[in-house]
Structure formats: C-alpha cells, structure tokens
Amino acid sequence: MPAPELVRVRCCPTCRAAYRSDFARCPTDGALLEDHDRDPLLGSVIAEHYEIDQLIGEGGMGRVYRARHTRLHHRQFAIKVLIGDLATTTEMRMRFAHEAESASRLDHPNVVPVVDFGRTEEGLMFLAMELVAGPTLAHVIAACGPISPTRVIALARQLCLGLAHAHDRGLVHRDFKPDNVIVALADGVEVPRIVDFGLAISNDELATRLTTAGVTLGTPTYASPEQTHGEPVDRRADLFALGVTLYEMLAGTPPFEGGALEVMHQNATATPPALSVRIPEALEAIVRKLMSRAPGDRFATATDVIAALDLVVAVEQIRIVRPRRRILMLAAVSTLAVGVMAIAVPREAAPMEAVAAVLAPPSPPRQEAPPEMPGEPPPIVVAPPPIVVAPSPSKPVRRAIARRPPTRIGPAIESVEPVPSPVPSPVPASVIDEPELAPALPSPPIVIPPVVTRSLVDARATIGSLQIRGSLSTAPVRRAIERTGPELRACYLTTAKAAGRDQPTSVRVSFEIDDTRRATKIRADGWPELSRCITGVLRGVRTQTAPDVGTVPVSFEVAFTPELR
C-alpha cells in the first residue's frame with residue numbers, strides 16, 4: 001500500500017502530538033502548536049521499543065506509522081498514535097486503553113490483533129498492531145471493481161469469520177469498511193484481515209461511551225441507521241456495514257453517494273439500486289437482507305451469513321452439473337438449507353422450495369396463435385420434409401471406392417443419363433426470337449484507384465488544468481484521476497466509433513471530494529455520450545486522504561487525441 005502524501009501537520013513541539021482543531025496551545029503540556037512540513041514523529045523512538053520510519057495512513061482517531069522494534073530488527077509493527085484533539089480528555093484516554101486491552105484478546109487469521117499499547121513519557125497514547133503487507137479492500141475495489149461474485153463470496157466468508165470471532169468476545173467494530181480491511185496473500189490465496197478496532201465497543205458495562213461528533217457514527221457511507229440516530233448498537237451494525245461493503249464489491253460503487261447527511265438519510269430511508277443481472281439473485285438477496293433498515297430484519301449473526309453464502313455456492317454448483325446428479329446434490333443441499341433463510345422466496349417457503357425456486361430453469365415464452373380473421377379459412381401449415389442422413393458406407397465399400405479408377409473428364413460424362421427433375425427445363429436460347437447483335441469492340445479497361453481509409457485504433461487521454469480549491473493536496477487527487485486513464489480512453493474509443501467520429505476533443509470535468517474521499521456531484525461537458533461515460537467512470541474515483549475540513553471542489557480538462565491507422 002503506497003504511503004499517503006505528506007502534507008503540513010500542526011503539532012506540539014514538546015509531546016509531538018498532531019492536531020486538527022484550532023487549539024493555540026497543546027492542552028497536555030501547554031506548548032504553542034507549530035506547523036511543520038515533516039511529521040515530527042518520523043525517525044523518533046517511542047515507548048523505548050518502536051522506531052518510526054514511515055507514515056502509512058490516517059484515520060478518524062489517529063495517524064498510523066510503520067515502525068521497527070529496536071531490539072528485534074526483523075519485526076515490524078503498525079503504530080497508531082491518537083491525535084491530540086482526542087487525547088485531551090480523561091474519558092477518551094480511559095476508553096482508548098480499555099478498548100486496546102479488549103482488542104488484544106482477538107486472535108484470528110482474519111483479524112489484525114493489538115500486541116501492545118500504552119502512553120509515552122511525553123503523553124502520547126499509542127497502540128501497536130501486527131504489520132500486514134497488502135492493499136486495502138478499498139484499493140482492490142478501485143482497481144478491480146466490480147469484483148466477480150465468486151471472489152466476493154470467498155472474501156465475504158472470511159470477513160464473516162473475523163467478525164464472528166470479535167462478536168463472540170463481546171466486541172463490535174462500529175467502523176467496518178473497505179478501508180479497514182487489508183487483503184493479504186498467503187500461498188497465493190487472498191486473506192482479508194480486519195484492522196482498526198479503535199471505535200469498537202464491548203458489552204462490558206464499565207466501558208466508557210464516546211460522544212465526540214464524527215467518532216460515534218463511524219463512516220457515514222457504512223453507518224447503520226441506528227448508529228446515525230443515536231440508538232443502541234450491537235453486532236448487527238457491523239453486519240449492515242458488511243452488506244454495504246459487499247454491495248460496493250459487486251457494483252464497483254457504494255449504493256448511495258453524496259454528502260454525509262445525504263448518505264445517512266438514504267441509508268435509513270431509501271432502497272439500494274438493483275445490482276447487475278450477472279449477480280446471482282440469491283447473493284443479491286443476502287446483500288439486501290444485510291442492508292435492511294431495521295436491525296431485526298437483518299441476519300442475527302455473522303455465522304448465519306456464512307451459512308447463507310455456502311447455500312449460494314451449493315446452488316450455483318448444482319446448476320452446472322448433469323441432470324442425473326442433481327437429485328443427489330439436491331438432497332445434500334436440502335440438509336444445508338435447514339435453519340438458513342429461504343433466499344429469493346417468501347419466508348414461509350420450505351428450504352427445499354427455496355433451492356428449487358433458484359434452480360428452476362426459466363420457462364420458454366408462450367407463443368400465442370395469431371387471431372383468426374372472420375370469413376377467412378384457417379392457415380395451412382406445411383411441415384418441411386424430413387432430413388434423411390445416409391448411413392456411412394461399410395469398410396468393404398470404402399475399400400472398393402478407394403480402388404475405383406478416377407472419373408474421366410470429357411466424353412465419359414456424356415454416357416451418364418441425366419436425372420429426371422420435376423422442374424421444367426428452361427426454354428432453349430434458340431427459341432427466343434432476338435435480333436442478332438453485332439460484335440462489340442473491346443473497350444479499354446477502367447482503372448479505379450484504391451481508396452485509402454484510416455481507422456481509429458487507439459487514443460490518448462491527457463489530464464490538464466487541474467484545479468483544487470480546499471484543504472486537500474494536489475498529488476492524491478491527480479493520482480486518483482490518472483488511475484482512470486484506461487477507462488477514459490475506452491469511453492472515447494467506444495463513443496467515437498459508434499458516432500463515426502475520429503477527431504480530437506476535450507471534455508471539461510468538475511466534481512467534489514467529501515469526507516468519504518469519493519468523487520460526488522460529477523459533471524462533464526462534451527459529447528453527450530462521451531460525457532455520460534466519463535461521469536460513470538469518475539464515480540469510482542477515491543483519494544487516499546480525506547479533506548481536513550468540508551468538501552473540496554475539483555475541476556480539470558481531459559483532452560482526447562485519436563490514433564489512426
């Protein structure tokens with residue numbers, strides 16, 4: 001995962017805590033805050049054991065660094081340091097320590113555990129996690145989305161195993177999203193691992209509840225309706241976020257886009273748009289059940305989601321086997337379906353009826369006879385003659401044919417009697433009374449020069465005049481736009497060939513980046529078909545960092561230069 005763009009950071013020169021608010025002095029030690037071009041923690045050692053060498057991420061609660069152990073140099077860790085704004089209160093420090101201790105009890109292949117936590121002599125709150133190499137699920141979706149259903153099911157099943165492990169130990173993540181999932185590789189197999197239980201709550205009544213705005217809610221795109229309404233939250237809030245994540249993996253974009261308040265309102269009131277027709281209906285039904293607005297309408301546990309996913313896999317496997325084996329496999333699937341919700345059918349249907357409803361092949365469209373006109377006789381249907389296929393000659397006959405001399409050309413053909421035909425013979429040319437024409441003089445040949453045509457084979461898409469107005473640096477925005485270069489070229493090639501155009505053109509584009517790091521309010525001015533395609537492509541734009549304050553307007557121009565051959 002590439003390191004985020006380093007920007008100016010406002011921090012305390014004494015404790016080196018980073019701040020986002022407008023504090024003039026550090027509440028911990030009273031020092032005046034300063035602006036630095038370089039993070040003061042880089043190259044330093046905290047808690048006597050961790051030497052920080054790189055900033056690898058930044059979230060809602062802190063900044064994450066890569067660090068090496070001072071004595072065990074081959075060991076690397078991800079160190080999360082709480083930002084100074086949140087570390088100013090005793091309540092927050094108590095919660096941070098309590099949740100770090102709770103998260104340290106997690107030990108599962110699909111969860112990144114906390115291995116250490118504490119407070120430095122200067123007052124910095126930190127926790128150390130295992131460093132996992134690999135891109136985040138958000139980067140995978142941006143690079144590969146939409147993801148195939150088979151791959152989605154494989155990843156989703158492992159994510160459910162990780163969530164079930166945490167839920168069984170009384171922890172609810174509350175900020176589950178693609179950014180908090182790292183996709184590692186183990187022996188060539190993708191292994192998603194859930195990170196950042198910094199917002200987790202436990203069932204322990206002694207846990208202190210957070211009320212800081214923006215922290216309790218998690219990320220608006222994945223926050224359940226009960227989170228946004230301030231209602232009690234349990235493990236079903238994580239299952240809602242899992243449903244939004246699965247939708248985004250299958251569609252390439254989240255179900256709802258827009259500002260934070262708009263997305264939260266749509267999560268609580270609107271129905272997600274339909275997925276692609278290539279998505280199995282049973283899988284889409286699982287996603288929609290996870291995203292139910294009422295917690296009681298969702299799956300009760302992550303284990304129930306695993307059972308439903310296994311049922312989808314079994315049903316899809318039955319579809320492709322021979323009919324003779326379907327009966328045996330149906331019996332096995334019916335056993336698996338006991339206790340699992342009836343997918344894509346009403347709840348009162350039996351498990352076998354649910355499987356049968358999914359397996360039933362589509363009935364052919366009924367062809368209705370044309371209405372008979374009064375006074376007309378019924379139409380006469382003449383069946384075509386049957387096609388007779390002559391059997392292959394036997395081996396002795398084939399040998400005789402091979403020894404037969406070749407057919408003679410010329411007089412030998414005259415001895416063959418013509419086969420009588422029911423079609424009347426054409427009138428001989430001598431019977432047609434036509435005047436005899438004089439022989440025509442030979443005319444000079446007409447030479448037509450070849451027409452040289454050039455076809456559109458490729459195009460170049462150049463990004464220029466990039467303007468960003470707000471608290472976000474240019475580099476991450478440019479990188480996010482440039483990643484869409486192949487899709488922008490494909491838009492031009494498709495629309496230009498369809499319209500018969502091959503001339504250069506440019507399109508003016510504008511959009512906004514909000515706290516979800518996504519492009520919203522996209523507008524493209526150019527060819528109508530090309531502009532619509534570009535708008536669809538830019539819905540997948542996602543920057544590595546979010547704006548510090550509010551939304552950031554972005555505008556640029558993409559120039560297309562055709563290549564003809």
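Which elements do the buried residues of α2 pack against?

A word on the model. It is a predicted one, where local features need pLDDT of at least 70 and side-chain atom pairs count only at pLDDT 80 or more, while totals for chains, interfaces and linings use all residues. Residues are numbered from 1 along each chain as its sequence is written, and side-chain values use heavy atoms, with hydrogens and water left out.

Let's start with the sheet. Six strands make an open sheet, ordered β4-β5-β6-β7-β9-β8, with antiparallel pairing. Strands here are DSSP runs of E with at least two residues, helices are runs of H or I with at least four residues, and both are numbered from the N terminus. Two strands pair if DSSP finds at least two bridges between them. At the edges sit β4 (45-46) and β8 (114-119), each pairing on one side only. β4 is joined to β5 (residues 50-58) by two bridges, and Val45 has Glu51 as its bridge partner in β5.

Now move over to β9 (125-130). Five of the six residues of β9 are buried, and buried means under 20% relative accessible area, with exposed being over 50% and partly exposed in between, using a 1.4 Å probe and protein chains only. Five bridges link β9 to β7, and five bridges link β9 to β8. Two bridge pairs to look for are Ile79 with Ala128 and Phe117 with Leu127. In the hairpin of β8 and β9, five residues lie between the strands, and Gly123 takes a positive phi near 110°.

Helix α1 (residues 90-103) lies across β7, β8 and β9, and runs at about 160° to β8. That angle is between N-to-C directions, on a scale from 0 to 180 degrees, with axes fitted to C-alpha atoms, for helices over the stretch in contact.

While you're in β7, find Lys80. Is Lys80 buried or exposed? Lys80 counts as buried because its relative accessibility is 6%. Its C-alpha atom is separated by 6.4 Å from that of Ala128, 48 residues away along the chain. Leaving aside neighbours within four places in sequence, Lys80 has contacts that include Phe96, Leu127 and Asp196, where contact means heavy atoms within 4.5 Å.

Asp196 is also among the contacts of Asn180, again leaving aside neighbours within four places in sequence. Asn180 is in the loop between β10 (171-172) and β11, and at 6% relative accessibility Asn180 counts as buried.

Back to my opening question. Helix α2 (residues 137-144) has Leu137, Ala138, Val140 and Ile141 as its buried residues. They sit on the same side of α2 because they cover an arc of only 160° around the axis; that arc is taken from the directions from the helix axis to the C-beta atoms. The buried residues of α2 pack against α3 (149-168), β11 (181-186) and α5 (235-251).

α2 also gives four residues, the largest share, to the lining of the second largest pocket. Other elements that give two or more residues to that lining are α5 and α15 (528-538).

One last stop: Phe299, in the loop between α7 (281-290) and α8 (302-319). Phe299 is buried, with a relative accessible area of 4%. The C-alpha atoms of Phe299 and Ile286 are separated by 8.8 Å.
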